[in-house]
Amino acid sequence: MQASPLERLLRHDRRWMLGGLSLVIVLCWTYLIAEAALMARGGSLLMTATGGAWTLLEAGLMLLMWGLMMVAMMLPSAAPMLLLHATLTRRRRARGEAAAATGLFAAGYLIVWMLFSLVAVLLQYGLQQAVLLSPMLALTSQGVAGLVLIGAGLYQWSPLKEACLRHCRSPLEFVLTRWREGRRGALVMGLHHGAYCLGCCWMLMLLLFVGGVMSLVWIAGLALWVLVEKLAPAGHWLGRLLGGVLVAWGGMALWAALT
């Protein structure tokens, strides 16, 4: 019997999912590259929000920038989980079982990072009001930068980091233990996975303030590190190694600030 158009579409859901993820990631990176280039030339609208009180428009633009940056950095490492969810959804539909769209799972995941973006914007505003950020949004105080580096390094060794990273590195275990039925269930699953991802990476994201929030080198480097930490066979141990490096680096920065 010839398959219906819908059946043929569901057979290729992984391709559609991978293509959609790739498109979103490319668009977000395109925006970041363009915005960084404009800020380097002093022509970005975000430059108006680097001093004094922000208008509602400036705050909205900064929140948009942070949100797109989190999507660009975190979505690649979430791709295995999203593809697994899409595969399980297709198989459940093939058996005639109800299954919610993976888009709802992705929405829950991104909601968590949008909330983090809001907190990051508030933190950035506070740092700017304290005159602690450069025009490229990097910390100007070696002492504060050193404390952030030490904090991020110590967190790499913390039990919370270890627990969250374990969940992020085991998509199959996550769906076997956290699967929920229905649309609301898919959204809740996405929120749970996003919370684990946030618990794993939030201190790494704060390192953006050390190297510059709009530094493409730091953005790309941290995004690549998150990908390696979650997907590489030795990612857990590499994360601990990074923790030692960050503590040493932060210690040197703090010593330089105090002497």
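Let me start with the largest nonpolar core, which has 69 residues in this predicted model, a nonpolar core being a set of buried Ala, Val, Leu, Ile, Met, Phe, Trp, Tyr and Cys residues joined through side-chain atoms within 4.5 Å, where buried means under 20% relative accessible area with a 1.4 Å probe, protein chains only. The residues with the most contacts inside this core are Trp66, Met69 and Met73, and its largest share, 17 residues, comes from helix H3, residues 56–94. Methionine 73 touches Met205, Leu208, Ile219, Leu222 and Ala223, leaving aside residues up to four places away in sequence, with contact meaning heavy atoms within 4.5 Å.

A word on conventions: because the model is predicted, local features need pLDDT of at least 70 and side-chain atom pairs count only at pLDDT 80 or more, while totals for chains, interfaces and linings use all residues. Residues are numbered from 1 along each chain as its sequence is written, and side-chain values use heavy atoms, with hydrogens and water left out.

Now the chain as a whole: the secondary structure comes to eleven helices and zero strands, helices (H or I, at least four residues) and strands (E, at least two) being DSSP runs numbered from the N terminus. Of the 259 residues of the protein chain, 45% count as buried, and among contacts between residues at least 6 apart in sequence, 76% join residues at least 24 apart.

How do the helices cross? For H10, residues 216–231, and H11, residues 235–258, the axes come within 8 Å and cross at roughly 140 degrees, axes being lines fitted to C-alpha atoms, for helices over the stretch in contact, with angles running from 0 to 180 degrees between N-to-C directions. H10 and H11 are therefore oblique to each other, since angles under 35 degrees count as roughly parallel, over 145 as roughly antiparallel, 65 to 115 as roughly perpendicular and the rest as oblique. On the H10 side Trp218, Trp225, Val228 and Glu229 meet Gly235, His236, Leu238, Gly239, Leu242 and Trp249 of H11, and the residues of this contact divide into six nonpolar, three polar and one charged (Ala, Val, Leu, Ile, Met, Phe, Trp, Tyr, Cys and Pro count as nonpolar, Asp, Glu, Lys and Arg as charged, and the others, Gly among them, as polar).

Lastly, the axes of H7, residues 171–178, and H8, residues 182–206, come within 11 Å and cross at roughly 135 degrees, which makes H7 oblique to H8. Phe174, Val175 and Arg178 of H7 make the contact with Met189, His192, His193 and Tyr196 of H8.

Technical notes. Buried means under 20% relative accessible area, exposed over 50%, partly exposed in between (1.4 Å probe, protein chains only).
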